[in-house]
Amino acid sequence: MGFLPMTSVTQRMPILAPQPDPSNQKRELRAQVRVALAKIPVADFARLSPAACARILTLPEFEQAATLMIFLPGHAELDCSAFAHAAWAAGKVVAAPRIDWQNARMSPQVITSLTKGLETRRHNIAEPVDAPGARIEPAALDLILVPGLAFDLHGGRLGKGGGFYDRFLGQFAPRAFAVGLALDEQIVPAIPMGPLDARVHAVATPTRLLRR
């Protein structure tokens, strides 16, 4: 897999028309990315997370946003903690996804801590404890941090194959500004995209910010 050279500048993503869904290509790319990620020390994800989060804080969309959704990281994912604390300090509402595994859907719930009010369920992923009073409508979200195995220069995203974020961004929170959070090693030249795949508006890495 050819990775793009690292830079420290903000770059614009070129516009690319969606392509037919090439499932086999996506499966092959997932396998390649997972091999590459397995070579990265686990400690690097935590060590480099604050720098990637700091780039999102420079976005005007962050300044204008009132309600945000982060993700609670699983294996080989960057940590959104620095972003969440900056958002709270700025008086913003922060949510995290509660996952309906049976129906393959996500429901944002307001969180006020990264250590309390959470539980670990399937796939060793932390989620907010189900609290009806904390639920918010996806349409209320202004900015969403999005995990992924890989991202490309056109806003393309390669997820793990469940389609959770594709459905969420495309159907339930279409107006939100979506930002991928990734290591530089997770930026690839192009990701096969199907008609139901959702693109992100920007991608933040420890060394650069890409946006459409």
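This is a predicted model: local features need pLDDT of at least 70, side-chain atom pairs count only at pLDDT 80 or more; totals for chains, interfaces and linings use all residues.
Residues are numbered from 1 along each chain as its sequence is written, and side-chain values use heavy atoms, with hydrogens and water left out. Local features need pLDDT of at least 70 and side-chain atom pairs count only at pLDDT 80 or more, whereas totals for chains, interfaces and linings use all residues.

**Overall make-up**

The chain holds five helices and 13 strands; these are DSSP runs (helices H or I, at least four residues; strands E, at least two) numbered from the N terminus. Of its 212 residues, 50% count as buried, that is, under 20% relative accessible area with a 1.4 Å probe, protein chains only, while exposed is over 50% and partly exposed lies in between. The accessible surface, from the Shrake-Rupley method with a 1.4 Å probe, comes to about 10,200 Å², and 55% of it belongs to carbon and sulfur atoms. Among contacts (heavy atoms within 4.5 Å) between residues at least 6 apart in sequence, 74% join residues at least 24 apart.

**Pockets**

A pocket is an open set of points on a 1 Å grid over the protein atoms alone, where a 1.4 Å probe fits, with protein on both sides within 12 Å along at least five of seven lines; lining residues have an atom within 4 Å of a point. A volume is the space filled by probe spheres set on the points. In the table, Ala, Val, Leu, Ile, Met, Phe, Trp, Tyr, Cys and Pro count as nonpolar, Asp, Glu, Lys and Arg as charged, and the others, Gly among them, as polar.

| Pocket | Volume | Lining by class |
|---|---|---|
| Largest pocket | about 590 Å³ | 13 nonpolar, eight polar, eight charged residues |
| Second largest pocket | about 180 Å³ | seven nonpolar, one polar, two charged residues |

The largest pocket is lined by 29 residues, and Ile125, Arg157, Lys160, Phe164 and Tyr165 lie nearest its centre. Helix H5 (164–172) is one of the elements that supply at least two residues of this lining, and H5 gives the largest share, three residues.

Residues lining the second largest pocket include Arg34, Leu37, Phe45, His75 and Lys160. Here the largest share, three residues, comes from H1.

**Glutamate 185**

Glutamate 185 lies in the loop between strand E10 (177–181) and strand E11 (187–188). With a relative accessible area of 31%, Glutamate 185 is partly exposed. Glutamate 185 and valine 33 are 152 residues apart in sequence, yet 8.9 Å apart in space, C-alpha to C-alpha.
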